[in-house]
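Please look over the structure below before reading on. The briefing after it describes the fold, the confidence of the model and a few selected residues.

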Amino acid sequence: MDVGRPAPWQRIDFKWLIIAVCSLGVAYLVLMPLGFLVWESFHTPATASQPAVFTLDNYLQTYTDPQTFKLLTNSVTFAVGTSLLAFVIGTALAWMNERTNTPFKSLFFALSIIPLIIPGILFTISWIFLASPKIGIINLVAQRWLGMDSPLLSVYSMWGMIWVEALQYSPMAFLFMSAAFRSMDPSLEESAMMSGASVPQIVWRVTLKLTWPAIVATILVIFIRSIESFEVPALLGLPVGIYVFTSAIYDAIQQYPSKIGLGATYSITLLLITTAGIYFQSRLSSKGGRYSTVTGKGFRPRTMDLGKWRYLTAAIFIAYFFLIVVLPFLVLVWASFQKFYGVPSLDALKNASFDAYRYVLSRPNLLDSMWNSLLLALGSATIIMLVTSVICWIVVKTRIPGRWLLDNLTSMPMVFPGLVLGLALMVFYLEFDVGIYGTMWIMLVAYVTRFLPYGLRYNMTSMLQIHKELEESAQMSGASWSTMFWRVILPLLKPGLFAGWLYIVIVSIRELSSSILLYSPGSEVVAISIWELWENGQYVELSALGVLFILALFVLVMVAQSIGKRYGVKEA
């Protein structure tokens with residue numbers, strides 16, 4: 001034996017092995033389900049006696065059916081209405097927070113993060129309790145106090161759907177526009193004020209025009225998120241026959257026999273719409289420089305003095321927080337203490353009970369769903385941040401040919417609506433049975449694929465700030481690539497790494513749309529358990545589970561942020 005020759009495993013360059021595994025893994029996760037979704041849309045369903053046959057019937061049925069035009073109209077109306085209303089609410093609040101002397105602004109900004117923790121399905125159900133024509137607290141109180149014969153509000157309508165979805169996404173618009181207002185040079189507004197312009201004139205002619213790229217980007221992002229939304233259309237639209245593409249896909253799959261080909265065709269159509277939205281958003285980002293107002297000159301943001309009106313703006317903030325956090329959470333708490341759901345009253349209060357909480361805590365499957373959600377969220381967040389850190393290093397720090405393609409490939413799942421991704425994975429792993437269909441593993445694959453772009457963006461920001469000389473110093477000291485990456489790159493990525501990890505944990509643990517077609521008994525997550533309780537009419541039990549879930553998620557976020565601050569991680 002030649003003792004001087006290294007063993008075969010010692011001759012392997014782990015740098016290229018890790019790069020190959022990450023690159024091929026991303027390509028597999030993104031391209032294979034998409035390819036089989038397209039394949040399924042052109043084939044008849046395979047049966048035990050007959051194989052799948054190529055056909056155009058799915059597309060002919062879709063695009064010659066007048067119902068498809070109705071689906072498109074409803075989907076666009078819902079998404080446009082949601083994006084515009086959420087933008088108006090979020091922008092008004094952002095302007096008051098960043099450009100005026102509204103009291104307690106820092107507190108209001110911190111509170112704006114809380115609504116992002118509440119899962120969409122719970123937010124929607126809470127508004128059913130509040131504004132349903134029959135059991136809605138707001139309607140019943142209005143009829144009792146104002147003597148109204150008909151309901152004041154109805155969430156079971158297109159406007160009700162837009163209202164609930166817009167409230168849910170208004171914190172996103174608030175955060176986007178707050179960043180835009182904060183980075184804008186206020187001297188232009190001050191010049192307009194010194195020229196005698198009123199506050200409304202300054203806002204309309206100066207502030208909004210200078211933030212035009214942020215305005216369009218915010219509306220486009222919310223439009224894309226709304227058109228792929230599942231919870232609101234399913235819970236509020238389906239009961240009254242208002243279908244959008246996501247609810248039509250779900251309905252096609254749930255029929256017997258299942259119309260997978262038709263659902264795949266709807267999915268391709270929805271995929272084209274979201275792709276167009278992402279394309280216009282990226283084109284806008286590339287042209288944002290013409291609106292730049294922040295230069296090398298220093299400036300100090302100054303606020304407008306609203307005088308006595310500042311108390312009105314503070315009251316608007318309080319009312320908004322009450323609408324999107326306090327009221328939905330309180331109605332869930334109230335419902336959770338009832339034996340049967342009822343309107344708040346002294347008589348109902350006398351019948352308060354902990355039975356719903358006993359039910360939740362005594363049912364192993366409900367507790368298991370919380371554990372499943374936690375495992376999937378932590379696992380997907382960890383995998384995503386580690387894989388995208390390697391992808392970002394390839395894109396930013398190397399000159400490997402085709403690295404731009406890897407960047408685009410990792411970003412591609414942004415155009416996948418959650419329900420479409422779930423259908424694509426279902427089709428793929430039904431055709432290629434590798435033992436993960438019907439298990440938690442397929443849901444982990446769905447979560448990792450769906451949230452890859454978020455990990456990429458968080459890591460990319462931090463990677464761009466790491467100078468090449470730090471890697472070179474480690475390599476000159478004799479460190480291998482794996483040692484350099486583990487001991488130098490990852491610690492320097494820590495701010496973006498942790499911020500992205502925490503964000504993906506939050507969005508994964510509340511995910512429903514990509515799970516609804518993939519779960520099976522024993523692999524339910526909390527959002528699925530809440531969905532099943534709702535369909536079974538167990539309103540008080542789902543309220544108790546929802547309250548426990550929100551509190552647990554809030555504690556998880558607080559603990560994670562505390563750990564991040566303890567180890568020196570700041571916001572990315």
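Predicted model: local features only at pLDDT ≥ 70, side-chain atom pairs only at ≥ 80, totals over all residues.

The chain is built from 25 helices and 0 strands. Of its 572 residues, 50% count as buried.

**Confidence of the model**

- The average pLDDT of the chain is 79, and 80% of the residues reach a score of at least 70.
- Among the elements of the chain, helix H11 (residues 231-237) has the highest mean pLDDT, at 91, while helix H8 (residues 187-194) has the lowest, at 62.
- Over residues 288-300 the pLDDT stays under 50. For this stretch the model has 19 contacts beyond four places in sequence.

**Contacts and nonpolar cores**

- Among contacts in the chain with a separation of 6 or more, 78% come from residues 24 or more positions apart.
- The largest nonpolar core contains 150 residues. The residues with the most contacts inside this core are Leu423, Ile516 and Trp531.
- Apart from residues up to four places away in sequence, Leu423 touches Leu37, Ile249, Ile253, Ile260, Gly263, Ala264, Ser267 and Leu517.
- There is also a second, separate core of 7 residues, which includes Ala86, Tyr169, Met172 and Ile222.
- As a general background, nonpolar side chains tend to be buried together in soluble globular proteins.

**Trp531**

- Trp531 is part of helix H24, which covers residues 526-535.
- Is Trp531 buried or exposed? Its relative accessibility is 4%, so Trp531 counts as buried, the cut-off for buried being under 20%.
- Beyond its neighbours within four places in sequence, Trp531 is in contact with Ile121, Phe230, Ala234, Leu235, Tyr250, Leu512 and Ile516.
- Trp531 and Glu231 are 300 residues apart along the chain, and their C-alpha atoms are separated by 9.3 Å.

**Gln168**

- Gln168 is found in helix H7, which runs over residues 158-182.
- The relative accessibility of Gln168 is 17%, and because this is under 20% the residue counts as buried.
- With neighbours within four places in sequence left aside, the contacts of Gln168 are Gly120, Phe123, Thr124, Val232 and Arg510.

**Helices H12 and H19**

- Helix H12 covers residues 245-254 and helix H19 covers residues 418-431. Their axes come within 10 Å and cross at roughly 30°.
- An angle under 35 degrees counts as roughly parallel, and H12 and H19 are therefore roughly parallel to each other.
- On the H12 side, the contact is made by Thr246, Ile249, Tyr250 and Ile253. On the H19 side, it is made by Leu419, Val420, Leu423 and Met426.
- Sorted by class, this contact of H12 with H19 has 7 nonpolar residues, 1 polar residue and no charged residues.

**Helices H5 and H6**

- The axes of helix H5 (residues 120-131) and helix H6 (residues 137-146) cross at roughly 15° and come within 4 Å.
- Why do H5 and H6 count as roughly parallel? The crossing angle is under 35 degrees, which makes H5 roughly parallel to H6.
- H5 contributes Trp127, Phe129, Leu130 and Ala131 to the contact, and H6 contributes Ile137, Ile138 and Asn139.
- The residues of this contact of H5 with H6 divide into 6 nonpolar, 1 polar and no charged.

Key
Residues numbered from 1 in each chain as written. Heavy atoms only, no water. Core = buried A, V, L, I, M, F, W, Y, C linked by side-chain atoms within 4.5 Å. Buried < 20%, exposed > 50% of the residue type's maximum accessible area, 1.4 Å probe, protein only. Contact = heavy atoms within 4.5 Å. pLDDT = per-residue confidence, 0-100. Helix = DSSP H or I, 4+ residues; strand = E, 2+ residues; numbered from the N terminus. Axes fitted to C-alpha atoms, helices over the stretch in contact; angles between N-to-C directions. Parallel < 35°, antiparallel > 145°, perpendicular 65-115°, else oblique. Nonpolar A, V, L, I, M, F, W, Y, C, P; charged D, E, K, R; others polar.
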